[in-house]
Amino acid sequence: MYDVIIIGAGPAGLTAALYLERALKEVLVLEASSYGGQILTTDKIDNYPGLPGISGFDYSNLLYNQAKDMGAEFAFEKAIEIKDKGKIKEVITEKNTYKAKGVIIATGADNRKLGLENEDKLVGKGVSYCATCDGAFYKKKIVAVNGGGNTALEEALYLSDIAEKVYLIYRRDEFTKAEKKLVKQIEKKENIEVIFNTIITKLNEKGGKLASINIETKDEEPKTIDINGLFIAVGRVPESENFAKLVNTDEAGYIEAAEDCSTNVEGIFVAGDNRVKEVRQLTTATADGTVAATNIIKYLNDKGGK
Amino acid sequence: MIPVTKDTFEKEILKRKGKVLVDFNASWCGPCRMLQPVLEELEKENKNCTFASINVDDNEELSQECGVMSIPCLVLFEDGKEIDRSVGFKSLEELKEMIGE
């Protein structure tokens, strides 16, 4: 029996683990993939205070080792269900059932897909959700980035130094969601062509690889453009479906929580990108981890732990 | 892990009897570096599979010939033929399943 099980070893979950270990709680962190979460694939982090320019990989490693060295246990298993048995919670993974007095859900979010036919089939064959992972395979090639947020702009900039040409395709008529500094950098790049008011309607393959895309621009005839790679950066979806039976979520699937990160179920807290909130950044993920840990400690000391 | 290049690919992988798990990777790829210790652990536990590593930056042509467009990419060969392939980070359990242990 653990004091707390944290589901997810991203920045929110790992920060929560730190705080819980400092309060001498027994902690198990469950992770379905690799620790680090979404930040792992970020080339260079420039908006985390005190660590200018650190790579996502280095940051993830530092945080993981910090939590581990303090005594947090880890199991690389995917949590598929939480059962609320009052003062005891059971977390069921594909292999085991673990028990704890409290649970923090820090499962974060995953890339949103376009939902086009062939999309899943072409992942790793021209379709990608991560420019820093796959960009190097497109040296001197033609690529497109779909999206208009910070991630999309960062990916387009990263790719512009590798690829021959980058189309940046966005459904709105200006980059209102992105940082101004990034928009300026995009404007300066000669090999980035921005295509506003446009959606991608079809992925065309040839010889098992992506060869071109069909696009539709507002008030214009649909057309096809030849590309070697498409990088999709159209936002994220919360990883909450395994727990939506137990905790309340909004329509998009984000878990509803109060400012203290508590959910509708006593003893179950939520931290990070899968929570209903305005700003989803590295800083707010670690802040959530802190808040959730602090309040679960309070819960354990008040009633859960008795 | 045996480092493999274009020159040794045929000898080390295509002509090898039994299973070879080939890890296509690069130093700049975070998930590849995360996968490294997992593969090393798998290698320690499994004597029935050979483990090989190909750096995609040093072996651009070879990676392209193998159809690698996203890393980490693991390709499983048996008696010189590709029998399975996976893209992205994998846990120890998933890898055990892949190599059939």
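This is a predicted model: local features need pLDDT of at least 70, side-chain atom pairs count only at pLDDT 80 or more; totals for chains, interfaces and linings use all residues.

A: Residues are numbered from 1 along each chain as written, chains are lettered from A in the order written, and side-chain values use heavy atoms without hydrogens and water.

Q: What area is buried between chain A and chain B?
A: Buried area is the accessible area (1.4 Å probe) that two parts lose on being put together, summed over both. Here the value is about 1700 Å², with 65% from carbon and sulfur atoms. Phe57(A), Gly124(A) and Phe137(A) supply 32% of the area that chain A buries against chain B.

Q: How many salt bridges link chain A and chain B?
A: A salt bridge puts a side-chain nitrogen of Lys or Arg within 4 Å of a carboxyl oxygen of Asp or Glu. The count is 2, including Glu93(B) with Lys95(A) at 3.5 Å, N to O.

Q: Which residues of helix α5 of chain A are buried?
A: Buried means under 20% relative accessible area, exposed over 50% (1.4 Å probe, protein chains only). In α5 (residues 180-188), Leu182(A), Val183(A) and Ile186(A) are buried. Seen down the axis of α5(A), these fall within an arc of 100 degrees (directions from the axis to the C-beta atoms), so they line one face of the helix. On the other side, Lys180(A), Lys181(A), Lys184(A), Glu187(A) and Lys188(A) are exposed.

Terms used: Helices (H or I, at least four residues) and strands (E, at least two) are DSSP runs, numbered from the N terminus.
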